[in-house]
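I opened the notebook today to follow strand pairing, one group of strands at a time. My entries below keep the order in which I looked things up.

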Amino acid sequence: MTRVSKQIFWGTAGTLAAIFPAILWAHVEGPDARHSGAPGDATFSCADIGQCHTALENGGPVNHYGGNVTATFSTGSTYKPGGGPITITVLATDPVNTSFGFQMTARLDSDQMNGQAGYFVPGANQLVMCDYLSVQYMDTPEPAPNSCGPNMIDGSPSIEFVEHSFPKGSFPQSTPYTFTWMPPATNVGPVHFYVAGNVVNDNQNADAGDHVYTNSYVLTPAAALPAPTILSGGIGNAASYTADLAPGSLVSIFGTNVGSAQVDAQTVPFGTTLGGVGVKINGIDAPIRDVFPAGAYPFINAQVPFEVLSSGQTSATVPVTISVNGVQSNAQQVKIVTQAPAIFTIPSGSGNAVLVNLKDYSIAAPTGSIPGLTTHPIARGQTAFFYVTGLGAMMPPVADGDGGGTTVHNVVNAPVVMVGGITAPGVTAAQAPGYPGVYQVNMTIPANAQTGGAVSLQIQSADGSVTSAAKISTVAIQ
């Protein structure tokens, strides 16, 4: 372990402070310890005199300028004693400035001033600082319990701080900082996280243009839950819930004890953990869209990783497992094929296809049949699109959990669409922009299509091996 005392540097540099105060205040390489806003830290957090980029007489009061600093935790508001690492993301925003630095600490509820809780493992452009009475140390990144060690003077516990770190003369980043925190091995009660963010104007001087914000969060020990289980036959695509799955499909996994709280992915790409829940398909971490642990049929929606089939494979039977707060479920086997298309409907599973009329962007359903949406039958010969899952590989490829961005990602092999049993012309298919696991299929209603309020819409894989069932999804045609 390598430690370097920042106190030594600042002590010898003290005579320069009056001449070059900005050198001390422009802490692009990270502030000294105890400037997170936690109990026992500096009175004004990052805004006290000589720390970060601002002082009260220069930058003004903390939390005053309409911005904020926030932290998100991969397990929500809980931690599992002795569990795996929790990913933390810190973001500071301001109406004017964009670049920012931060400092965070984790404290025991029973001793918020000096009670260290767990330990941090820093990420990119970060370091961990250790506090030994009035001496502060920089710690090299190392994933070891209590990496700061005891106070060298009296043997008492030391406090860790994770913070930004950039070379002098550079600028902090404007994108979020991500790092991990390892929970304590035993139940220590609630853990308080304190974070301070300094959103700066990039002039490397302490002035009124730099704005400091603070925040705090509490994680409570996760209640012990029974081990999660996957129901026999409880794995199917998220459109029709049938067992057909392909690489890139959205999959619904039904079971018991599938999570501690309902949680939905808030950003794209989807992460591979959500609310303490993880999914593995053929041993590969799957991106997770949402977790629904309550109700009569608890389930998880995730995406089958594209790499679940090896190069050249056309099918394989693979295991699926879920984990909740580090506790793993039983494994269920599921068959994966190159394409297994299924159509999204309202209501889910079986109903009116979400087929959008390109003439007026209405849904091709009987007039007034879907509350909150404009619906009416679509005319024969009209172009439209609808949403499916299970069309497999695309070119250019799309990463697991990603929505494809602004690039058009066409499926490698276009499917066949049938309207009332008649093959539809003009079929193309691609990633639905911004919706991981969902494909948009464009087509034209056949000129000789059957009319009526519930005409069957089916989709078939390019090789003809998988066809969605008749009457599971329908459309209204006039």
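Which strand pairs with β32 over four bridges, and in which sense, parallel or antiparallel? I worked on a predicted model, and there I found that β32, covering residues 416-419, pairs with β36, covering residues 452-460, in the antiparallel sense over four bridges.

My next entry concerns another group of strands. Four strands form an open sheet, which I read in the order β2-β4-β11-β7, with antiparallel pairing. I asked myself why one side of β2 and of β7 is left without a neighbour in the sheet. The reason is that β2 (68-73) and β7 (119-121) stand at the edges and each has a single partner strand, so one side of each is left without a neighbour there. I also wrote down the twist of this sheet, which averages 30° from one strand to the next.

Last, I went back to β2 and its pairing with β4, residues 86-93, where six bridges join the two antiparallel strands. In this pairing I located T70, which stands opposite L91 in β4.

Conventions:
Residues numbered from 1 in each chain as written. Predicted model: local features only at pLDDT ≥ 70, side-chain atom pairs only at ≥ 80, totals over all residues. Heavy atoms only, no water. Pairing = 2+ DSSP bridges. Axes fitted to C-alpha atoms, helices over the stretch in contact; angles between N-to-C directions.
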